[in-house]
Amino acid sequence: TVLILGVANASAKGVSLANRALKEVQAETLLSEGAEAIRSQRDNAWSNISNLQVGTTYYLSFNTTTNTWSSTTTPNTIDNTFTRSFVVSNVNRNSNDDIAVSGTLDTGTKLFTETVSFPYTGGTVSRNLSFYLSNIFE
């Protein structure tokens, strides 16, 4: 009986860990998709992302009629499990034109910090991705 209980407990733990690993892979995929969706908005028009309010939490929305991504402040859940959001930050440049904490505001570059989170065993797991986008078309 003890052996059977031990095997059952180990099996349950293995299934739980496999489930978490699957969710983490899905979260990483959603981060990649989100970065591409934000880049797609930039490619359609720089104003799609440059007009977003710094420090505000945004969510991505896909319009199946026009096949385009947009940003909204309305939270949404993916597959009833994942929440994907992002925040825009301004970028400054120093006298060498390098990105810096302070300096001259670069209106043609924005920093995006994207987060995907999901519930797991009484808590929330979050994965983050930060990246810069520049206005390369003007």
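**Exercises on strand pairing and nonpolar cores**

In this predicted model, Asn-63 stands opposite Thr-68 in β2.

**Exercise 1.** Determine how β1 is paired with β2 and with β4, and which residue stands opposite Thr-57.

*Solution.* Begin with β2, which covers residues 68-72 and runs antiparallel to β1, with five bridges joining the two. Next, consider the connection: β1 and β2 form a hairpin with four residues between them. Within that turn, Asn-67 has a positive phi of about 55°. Then turn to β4, which is joined to β1 by two bridges, again in an antiparallel arrangement. In this pairing, Thr-57 stands opposite Val-87 of β4.

**Exercise 2.** Identify the residues that touch the most other members of the largest nonpolar core, and the elements that give two or more residues to this core.

*Solution.* The largest nonpolar core has 13 residues, and those touching the most other members are Ile-38, Ile-49, Leu-52, Phe-86, Phe-112, Phe-131 and Leu-133. Two or more residues come from each of α1 (2-44), β1 (57-63), β4 (82-93) and β7 (123-134). The largest share, three residues, is that of α1.

Note on methods:
Residues are numbered from 1 along each chain as its sequence is written. This is a predicted model: local features need pLDDT of at least 70, side-chain atom pairs count only at pLDDT 80 or more; totals for chains, interfaces and linings use all residues. Side-chain values use heavy atoms; hydrogens and water are left out. A nonpolar core is a set of buried Ala, Val, Leu, Ile, Met, Phe, Trp, Tyr and Cys residues joined through side-chain atoms within 4.5 Å. Buried means under 20% relative accessible area, exposed over 50%, partly exposed in between (1.4 Å probe, protein chains only). Two strands pair if DSSP finds at least two bridges between them.
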